Amino acid sequence: MMKVSDVFEVLQVRSLTGPAGLEREVDGAYMSDLLSDVMGKAKENQIWITLQTHRNAVAVASLKDLAAIILVNDNQPDEDMLVQAQEDGLPIGLTSLPAFELAGKLYNLLGKA
């Protein structure tokens, strides 16, 4: 099993929120941009791949006890998203990759292929 910090390092995802939560283990990933979909289907310890850059995404991730959020396509988070994530100890990462490419790389990295 990999940790969030390992995923970020291998996939060259830039951490935006500091060290809190980076040692958490990752069980998989969920890719969606609909908050209600993530609330209904994402599972604990998954990384959420999304373009949602607002505070409500952190609330959903915390509610579902997700391991981290990775923002794709260089979508810059709102400042209040970062503040809330730091308060919740939830890692937020940023990549220039599109969601599809990141999901494929993460799938292979986690040994699901």
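How many bridges join strand 5 to strand 6? Four, and the two strands, residues 46-50 for strand 5, run parallel. Keep in mind that this is a predicted model: local features need pLDDT of at least 70, side-chain atom pairs count only at pLDDT 80 or more, and totals for chains, interfaces and linings use all residues. Residues are numbered from 1 along each chain as its sequence is written, and side-chain values use heavy atoms, with hydrogens and water left out.

**The sheet**
- Five strands form an open sheet in the order 2-7-6-5-4, with mixed pairing (strands are DSSP E runs of at least two residues, helices are H or I runs of at least four, both numbered from the N terminus; two strands pair if DSSP finds at least two bridges between them).
- Strand 2 (14-15) and strand 4 (28-31) sit at the edges with a single partner strand each, so one side of each has no neighbour in the sheet.
- Helix 5 (residues 99-109) packs on the sheet and touches strand 4, strand 5 and strand 6 (contact means heavy atoms within 4.5 Å).
- The direction of helix 5 makes about 160° with that of strand 5 (axes are lines fitted to C-alpha atoms, for helices over the stretch in contact, and angles run from 0 to 180 degrees between N-to-C directions).

- Ile47 has Ala68 in strand 6 as its bridge partner.
- On to strand 7 (residues 92-94): three bridges join strand 6 to strand 7, the two run parallel, and Ile69 has Ile92 as its bridge partner there.

**Crossovers**
- Strand 5, helix 3 (residues 55-63) and strand 6 make a right-handed β-α-β unit (with the strands pointing away from the viewer, the path from the first strand over the helix to the second runs clockwise).
- Strand 6, helix 4 (residues 79-88) and strand 7 make a right-handed β-α-β unit too.

**Helix 3**
- Ala57, Val58, Val60 and Ala61 are the buried ones to look at in helix 3.
- They cover an arc of only 160° around the axis, so they lie on the same side of helix 3 (the arc is that of the directions from the helix axis to the C-beta atoms).
- Their cover includes helix 2 (35-41), strand 5, strand 6, helix 4 and strand 7.
- Just after helix 3, Asp65 takes a positive phi of about 55°.

**Gln46**
- Gln46 belongs to strand 5 and is buried, with a relative accessible area of 12%.
- Leaving out residues up to four places away in sequence, Gln46 touches Gly28, Ala29, Tyr30, Leu66, Ala67 and Ala68.

How values were computed. Buried means under 20% relative accessible area, exposed over 50%, partly exposed in between (1.4 Å probe, protein chains only).
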